[in-house]
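Work through the exercises below with the model open. Each task is followed by its solution in steps.

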Amino acid sequence: MKNRCFWVTDSPLYQNYHDNEWGVPVFDDATLFEFLVLETFQAGLSWITILNKRENFSIAFDQFDYKKIAIYSESKVASLLNDKGIIRNKLKIRSTIINAQLFIAIQNDYGSFSKYIWSFVDHKPIINNFQSKQDVPATTGLSDQISRALKKKGFKFVGSTVVYAFMQAIGMVNDHTMDCFKHINNAPIKDS
């Protein structure tokens with residue numbers, strides 16, 4: 001049996017997310033935007049709630065196509081507010097539209113959102129060596145800095161806690177605990 005991080009339940013969906021996505025570096029703008037949307041909707045809720053609705057979010061938000069989301073009409077907002085398959089929070093829905101517009105603006109300024117966001121860690125993941133749940137922070141000085149930078153650009157629902165969760169999800173920080181089979185020091189040694 002695999003030893004996983006403390007937060008993983010016996011849900012196959014959760015285990016699959018932990019084993020195959022969480023902490024794996026993401027440089028693709030489309031996937032980065034998906035995680036940004038999911039993390040902003042997660043604010044104040046459990047991650048499993050979001051994972052259970054992930055497919056619904058994908059359908060409702062045009063497969064997280066930020067170019068489409070950036071030009072959503074009021075009628076689209078109304079339909080999202082009536083969609084029982086997602087989190088029907090008006091502020092978060094409107095924020096997703098604003099964030100899509102700003103995401104595109106960053107792409108125009110930096111070449112890609114990936115180049116911009118990864119520049120905060122010099123384009124290399126931070127590998128942490130946390131022993132237990134108590135060691136893993138909800139925020140860091142770096143997440144505070146990124147949160148401030150995104151807010152200054154106009155992004156919504158990007159407080160430091162959301163940003164740190166985003167950083168973990170996209171592998172900017174690898175917070176698999178030391179006892180987890182996904183921790184970098186537990187990776188199988190390859191024969192040369």
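**Exercise 1.** Sort the lining of the second largest pocket into nonpolar, polar and charged residues.

Solution. Start with the classes: Ala, Val, Leu, Ile, Met, Phe, Trp, Tyr, Cys and Pro are nonpolar, Asp, Glu, Lys and Arg charged, and the others, Gly among them, polar. The lining splits into eight nonpolar, five polar and one charged. Next, locate it: 14 residues line this pocket, with Gly23, Pro25, Asn174, Lys182 and Ile184 nearest its centre. Its volume is about 150 Å³.

This is a predicted model: local features need pLDDT of at least 70, side-chain atom pairs count only at pLDDT 80 or more, and totals for chains, interfaces and linings use all residues. Numbering runs from 1 along each chain as its sequence is written, and side-chain values use heavy atoms, without hydrogens and water.

**Exercise 2.** Describe the largest pocket and find which helix gives the largest share of its lining.

Solution. The volume is about 440 Å³. Of 21 lining residues, Trp7, Trp22, Trp47, Ala165 and Gln168 are closest to the centre. Helix 1 (12–20), helix 2 (29–42) and helix 9 (160–169) each give at least two lining residues. Helix 9 gives the largest share, six residues. By class, the lining holds 15 nonpolar, three polar and three charged residues.

**Exercise 3.** Find where pLDDT (the predictor's confidence in each residue, from 0 to 100) stays under 50.

Solution. Take the average first: the protein chain has 94, and 96% of the residues score at least 70. Residues 188–192 stay under 50. Where pLDDT is low, predicted coordinates should not be read in detail.

Key. Contact means heavy atoms within 4.5 Å. On a 1 Å grid over the protein atoms alone, a cavity is a set of points where a 1.4 Å probe fits but cannot get out, and a pocket is an open set with protein on both sides within 12 Å along at least five of seven lines; lining residues have an atom within 4 Å of a point. Grid points are joined across faces, edges and corners, and a volume is the space filled by probe spheres set on the points. Helices (H or I, at least four residues) and strands (E, at least two) are DSSP runs, numbered from the N terminus.
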